[in-house]
Amino acid sequence: MNEYPQIVSLPSVDTNVYCPEWWRRVYIEQINDDYEHKPCCVYRGTLSDRISDPNALYSAHNGSKQIIRFRQDNLNGVKNPGCGQCYETESRGQTSSRQYKIMENGTSNVEVTSHLDLNLGNLCNLSCAVCGPWNSTSWAASAPKELYYIEPHRRYRKQDRPAIDDPELFLSLKTIQLQGGEVFLEPNYLGFFQNLGKYRTYDDLSVTIFTNGTVRPSPEFMQILNQCGRVDIYFSIDDIEQRFEYQRNGARWSEVASNIHWFRVSVKDSIHLHFNTTYSLLNVYYLADLHQRLTSEFPDMRINYSEFNNQPNSRAQFSADQMTTNVRQICLDRVADIPELSFLAKYISIVEGDPYNKFKKYIQLYDGMIKKSYADTHPEFYQLII
Ligand code: SF4
């Protein structure tokens, strides 16, 4: 039934453009009854040809004229503007997703569509500062017009959407990453896995989940996760206590910490728990506090630090990659004893003027939306940048 090769032998290319993700990976985002697709979650924007059949995602993606053309461009060394984040990361001397994937996969054989980034909509109970209405229904319900970056067709409208049921896709997958909205709130993730289980077992599947930590999985979902070969759950924690409750509006620190402890004692050995911390101007000053708290209270869990940048319309107004000399030095001094945060010295470059202007405008609007004050909850850093 499969007219596309499962494994492609690519010429051994090692250019500054080649990326195996164009073949190996697919990002699918469900927008009500339609699906947008692109090569990976880092890719900016989506392809213009949408998919409407939840039972034919594999053939629609691999048969897409745009995908076929961009794959050929990639082999020919033609840069794709959607891959800009990888090129920018590399130009700073850091390792990009593209380079990590070449290290993992090499530059020859690729198993086609063996990895899925799955985003089944923006149903979410929080309105986090690093997020927006495209990824959260709470955000969409309360965003002022200046922060309402969402096209009308992307608004989450219904809950009775068909679950994906595509045997070609299910049989090609080795790894799946669940993201977008709150995974443990959106019932369609369970429907996806229940349908997958009609065609194959779960034991050779590796699953990665990003969660805001406020919701525990249903017993049915937990039963399926327990059958998977490996599961990695990342809790999105960017700060602690009242700063956490500002940055993750709607969440209570004590409840999330208690949920994480619940996971630690409840899950099987095949389920691994980690933190995913997004660093930005919101929290860069406080990262040492966070690091110390997480490593002392949850010593068995690794912290993955990710830069803030994943925003539509280049909405990176609180990226911490540019700071004034004195503020940068103060932030670096605070993490000087923490080797895991030494990457910040390379990440933050020095600029003149007021690199915090857009950030301050943003938090003014965000303060108004969530009825809290950044200045009150983060007084030390706020005083440095006003
Ligand atoms: S170069 Fe980067 S953005 Fe482009 S497909 Fe590869 S990993 Fe994704």
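The model is a predicted one, in which local features need pLDDT of at least 70 and side-chain atom pairs count only at pLDDT 80 or more, whereas totals for chains, interfaces and linings use all residues. Residues are numbered from 1 along each chain as its sequence is written.

Strand β3 (residues 34-38) runs antiparallel to β2 and is joined to it by 5 bridges, two strands being taken as paired if DSSP finds at least two bridges between them. The two form a hairpin with 2 residues between them, and N32 in that turn has a positive phi of about 55 degrees. Strand β5 (residues 115-119) is joined to β2 by 5 bridges as well, but in parallel, with I28 standing opposite L118.

Because 7 of the 7 residues of β2 (residues 25-31) are buried, this strand is largely enclosed by the rest of the structure; buried means that 20 or more other C-beta atoms, placed from the backbone, lie within 10 Å of a residue's own. The burial extends to both faces, with R25, Y27, E29 and I31 on one side and V26, I28 and Q30 on the other.

Turning to the ligand, the residues around it include C19, W22, C40, Y43, C83 and R98, counted where the C-beta atom, placed from the backbone, lies within 6 Å of the molecule. Helices α1 (21-24), α4 (84-91) and α5 (97-105) each supply at least two residues of this shell.

Key:
Helix = DSSP H or I, 4+ residues; strand = E, 2+ residues; numbered from the N terminus. Buried ≥ 20, exposed ≤ 12 C-beta atoms within 10 Å, placed from the backbone.
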